[in-house]
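Then we'll walk through some of its parts together.

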Amino acid sequence: MCETAFATTTPALTLEPPPPSLFSRLGSRRRRLWELSRESHCPVIGVCLPLPLLRKLVGKALSQTAPLGDYDLHVGAVNACTRRNRLSDLLQEELDRRYATVIRRYKAAKTSEALESLWQEAVDEGDVAGPFWATLTHPRCTPVLELALCREMHMLQHQAGATTRVERSRFEALMQENAALLRELGKVQERCTRLVTEKTQELERLRQELMQARAALLCRDTTIACLRSDLAEVRETLPELEPRLQLKRKLNAEKAHTKALEQQLAALRQELSRAQAELAASRQHRSKAPTCAEACPSAGQPSPHVAAEPQLQDKTILCVGGRSGNVTDYRSIIERIGGRFVHHDGGLEDNLGQLDANLAAADLVICQTGCISHKAYWRVKDHCKRTGKRCVFVDNPSVSALARTLFPRLEENETTRDAADEASSN
């Protein structure tokens with residue numbers, strides 16, 4: 001059948017006569033393609049040689065060849081392999097060259113059993129083209145082994161066809177999945193392109209803002225440099241500029257100091273006016289006031305020749321320090337001359353924080369230095385110095401010392417104020 005098909009499709013093909021024996025044994029010589037059984041030619045041509053290579057060899061063997069289909073080409077080549085001719089020689093040479101490595105490895109098999117074992121290993125590995133040719137042409141390949149190889153190869157071709165169909169179905173499914181993934185990829189690429197465009201525009205905007213900021217900074221630095229240059233030129237043209245500036249600063253400071261002194265002078269004048277008014281009122285009241293002896297009849301009190309101080313009436317007198325047993329006598333003396341008595345022990349038991357409030361509320365401060373803490377003493381002295389408040393210092397913390405120190409000081413103040421009133425009236 002194969003010969004008829006090849007003859008009808010290739011009428012110009014002329015081949016040499018076939019070899020004398022199909023299974024002749026020539027010692028260790030490998031068998032040739034035309035020495036194999038007819039059943040072996042079909043799998044050898046179909047499995048061991050790709051169609052493009054087979055078409056090339058057929059075209060080389062035939063001088064003129066009509067266009068052949070794949071099936072006709074295969075049938076004609078199988079028919080040509082039954083005997084030795086130019087095409088079978090070309091096929092033999094190509095198969096030996098193509099699978100030379102496998103052929104050398106299969107030479108180590110000395111028995112049919114070893115040869116069959118190598119074939120089974122090749123089947124398990126899945127690469128059967130080269131091992132199939134090397135086993136068929138091996139000197140120890142028996143007709144039984146050759147028939148078994150042809151049958152197994154026939155089944156492998158069926159399985160390969162089924163696998164090809166399955167793989168084709170999987171390939172189509174993968175193609176559909178690939179198309180869906182390509183569509184998704186296109187959408188993702190579109191989104192990425194849009195985002196890249198937006199980010200590029202934003203980056204360009206930021207670059208423009210940066211350039212503007214750099215330009216503004218450059219202008220500012222240039223302006224500063226120009227102003228510094230102008231200032232240096234002005235200083236060079238006016239060497240006395242710096243002394244003038246210093247004098248101007250000193251003048252401003254003196255003006256501020258003068259303004260403060262004027263404010264202080266105005267306050268002192270107001271205080272002097274109030275003192276003069278109080279002095280006039282005290283003179284009117286002194287003629288009617290009782291003597292000190294009448295106001296303080298008890299022994300150990302101020303001298304009888306000293307009258308009660310009119311300016312202490314309704315005034316707050318703060319006594320800082322002293323013995324706690326004399327506080328009652330201190331209060332009696334102050335209240336009998338019309339004043340309000342406030343006492344602070346100078347930090348012995350009372351809180352020093354309360355002393356500041358007492359000092360601010362007092363009109364006259366009596367500091368008994370013999371019985372007071374150092375902190376309280378300096379606090380009293382500093383407050384009276386800052387505020388100009390009158391302060392009487394008593395060294396001996398007793399009632400008599402308080403009276404002797406307090407009333408002469410008041411008389412001296414009164415004499416001084418009378419002299420000031422007379423000078424102002426003149």
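At 8% relative accessibility, H138 counts as buried, because buried means under 20% relative accessible area, while exposed means over 50% and partly exposed is in between (1.4 Å probe, protein chains only). You'll find H138 in the loop between α8 (129-136) and α9 (143-237). Helices here (H or I, at least four residues) and strands (E, at least two) are DSSP runs, numbered from the N terminus.

Before we go on, keep in mind that this is a predicted model, where local features need pLDDT of at least 70, side-chain atom pairs count only at pLDDT 80 or more, and totals for chains, interfaces and linings use all residues. Residues are numbered from 1 along each chain as its sequence is written, and side-chain values use heavy atoms, with hydrogens and water left out.

So what does H138 touch? Leaving aside residues up to four places away in sequence, H138 touches R31, Y106, K107, A109 and L115, where contact means heavy atoms within 4.5 Å. The side chain of H138 also reaches the backbone oxygen of A109 at 3.3 Å, and the backbone nitrogen of R140 at 3.0 Å.

Now for E93, which sits in helix α5 (residues 86-98). Is E93 buried or exposed? With 55% relative accessibility, E93 counts as exposed. Along the sequence E93 and R32 are 61 residues apart, yet in space they are 9.8 Å apart, C-alpha to C-alpha.

Next, a pair of helices. Two packed helices are described by the angle between their axes and the distance between the axes. The axes of α13 (residues 352-361) and α14 (residues 374-387) come within 11 Å and cross at roughly 25°. Axes are lines fitted to C-alpha atoms, for helices over the stretch in contact, and angles run from 0 to 180 degrees between N-to-C directions. That makes α13 and α14 roughly parallel to each other, since angles under 35 degrees count as roughly parallel, over 145 as roughly antiparallel, 65 to 115 as roughly perpendicular and the rest as oblique.

Which residues meet there? From α13 come L352, G353, L355, D356, L359 and A360, and they meet K375, A376, R379, V380 and H383 in α14. By class, this contact of α13 with α14 has six nonpolar, two polar and three charged residues; Ala, Val, Leu, Ile, Met, Phe, Trp, Tyr, Cys and Pro count as nonpolar, Asp, Glu, Lys and Arg as charged, and the others, Gly among them, as polar.

Finally, zoom out: the chain has 15 helices and four strands, and of its 426 residues, 31% count as buried.

Technical notes. A polar contact is a pair of N or O atoms within 3.5 Å; within protein, one must be able to donate a hydrogen and the other to accept it, and residues adjacent in sequence count only if both atoms are side-chain atoms.
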